[in-house]
Amino acid sequence: MKNINITLLIVIVAGLLLGACSFPSNDAGDVPSEAAEVVPENEADSSEAAEAPASPEQDTQTEAEPVDAVAEIFDVDHTEERLAQLVIRNEDLPDEYRLPPGGESTLATSALINIMGEIEAKQYIVATGRVNGWKISLERVKKDAFAPYTIENTIELFETAEGAQAALSETWYPLYNDGREFKWVDGGCNLGDQCIFYYTEKFDAASQLTTLTYEIAFTYRNTLVWILGRGLDVDITPEYMLDVAQSVVRNLDRYAQTQ
């Protein structure tokens, strides 16, 4: 009887041990079920792509369209009709000036012939591709103003920028060929594409007064601009004339933005 009880006890213990082995383990070292979750392959790829920074080669964003570059020359037909709008005006000047009768005119070929002579004018037009021009002369209103008593401004239009530059060269610009005694202004000028700045002086023995005439000439694209200021040496300075010339540059800059 004692042997039967021992045998039955061994069977019961063995059954309990087998049942315990069939339950899952809950040890702390087991991996949590969330970490073991399987992510579909296509979803994993898209997640990695969203997190990874795009390389320059992979960037397919469309760049903004660049602003059109400013034209190298003014449109000839359009500009010829607007030359009068580009020269200096009273409102461009720090002092008050007026337009005298006959103080404004076109510088067409016929006018150029009257100034230069027929042969030289025609040679000049052919060599430079000159199209047309405009001239204005202004007079100072107040005698007590420290400013030039007269200011003149011309603008000539050419087919090309090279033509305008040729017109300012030693071959064609009047300064180099009319025999005048002139002096370069110290520091020169930095206006437009190329610029020259010079003056002449005239002393009157009777009045003991010296009159100065400053002239600035510069090219801007396919135009040649000339500015003259004349006055007593106490009334005119190089700085004043540079400011006048800069006013014309501003007119041209604004016009250039419309091209």
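**Fold, cores and aromatic contacts of the predicted model**

Among contacts in the protein (heavy atoms within 4.5 Å) between residues at least 6 apart in sequence, 63% join residues at least 24 apart. The structure is a predicted model, in which local features need pLDDT of at least 70 and side-chain atom pairs count only at pLDDT 80 or more, whereas totals for chains, interfaces and linings use all residues. Residues are numbered from 1 along each chain as its sequence is written, and side-chain values use heavy atoms, with hydrogens and water left out. The pLDDT, which is the predictor's confidence in each residue on a scale from 0 to 100, has a mean of 82 over the protein, and 73% of the residues reach 70 or more. Over residues 20–70 the pLDDT is below 50, and this stretch has 4 contacts in the model beyond near neighbours in sequence.

The protein contains 7 helices and 8 strands; these are DSSP runs numbered from the N terminus, helices being H or I with at least four residues and strands E with at least two. Of its 259 residues, 34% count as buried. Buried here means under 20% relative accessible area, exposed means over 50%, and partly exposed lies in between, with a 1.4 Å probe and protein chains only.

The largest nonpolar core comprises 38 residues. Such a core is a set of buried Ala, Val, Leu, Ile, Met, Phe, Trp, Tyr and Cys residues joined through side-chain atoms within 4.5 Å. The residues with the most contacts inside this largest core are Leu191, Tyr214, Ile216, Phe218, Ile227, Met241 and Leu252. At least two core residues come from each of strand 3 (130–140), strand 4 (150–158), strand 6, strand 7 (209–220), strand 8 (223–232) and helix 7 (238–256). Helix 7 gives the most, with 9 residues. Leaving aside neighbours within four places in sequence, Ile216 is in contact with several residues, including Cys189, Leu191, Cys195, Ile227 and Met241. A second, separate core of 17 residues includes Tyr124, Leu175, Tyr198 and Leu224.

Helix 7 has 19 residues, which at 1.5 Å a residue should span 27 Å; its end C-alpha atoms are 27 Å apart, in agreement. The expected span is 1.5 Å times one less than the number of residues. Among the buried residues of helix 7 are Tyr240, Met241, Val244, Ala245, Val248 and Leu252. Elements covering the buried residues of this helix include helix 3 (76–80), strand 1 (97–98), strand 4, strand 6, strand 7 and strand 8.

Strand 7 also holds Thr219, which is buried at 0% relative accessibility. Not counting residues up to four places away in sequence, Thr219 touches Ala164, Gln165, Leu168, Leu191, Gly192, Asp193, Gln194 and Leu224.

The structure holds 1 disulfide, a disulfide being a pair of cysteine sulfur atoms within 2.5 Å. The bond joins Cys189 to Cys195, with an S to S distance of 2.0 Å. The torsion about the S-S bond of Cys189 and Cys195 is about -110°, so the disulfide is left-handed. Both Cys189 and Cys195 are buried.

Rings of Phe, Tyr and Trp (its six-membered ring) are taken to pair if their centres lie within 6.5 Å; planes under 30 degrees apart count as stacked, over 60 as edge-to-face and the rest as tilted. By this rule the count comes to 11 aromatic pairs. Tyr173 and Tyr198 form an edge-to-face pair, 6.4 Å centre to centre with 80° between the planes. This pair links distant parts of the chain, 25 residues apart: Tyr173 is in the loop between helix 6 (161–167) and strand 5 (183–184), and Tyr198 is in strand 6 (residues 194–204). Tyr173 is buried, with a relative accessible area of 5%, and Tyr198 is likewise buried, at 0%. The ring centres of Phe182 and Trp184 lie 5.0 Å apart and their planes are at 85°, so this pair is edge-to-face. Phe182 is partly exposed at 25% relative accessible area, as is Trp184 at 45%. Tyr173, Tyr176, Phe182, Trp184 and Tyr198 form one aromatic cluster.

Most residues other than glycine have a negative phi. Gln208, although not a glycine, has a positive phi of about 60°; this residue is found in the loop between strand 6 and strand 7 and is exposed at 55% relative accessibility. Arg221 also has a positive phi, near 55°. Arg221 lies in the loop between strand 7 and strand 8 and counts as buried, at 8% relative accessibility.
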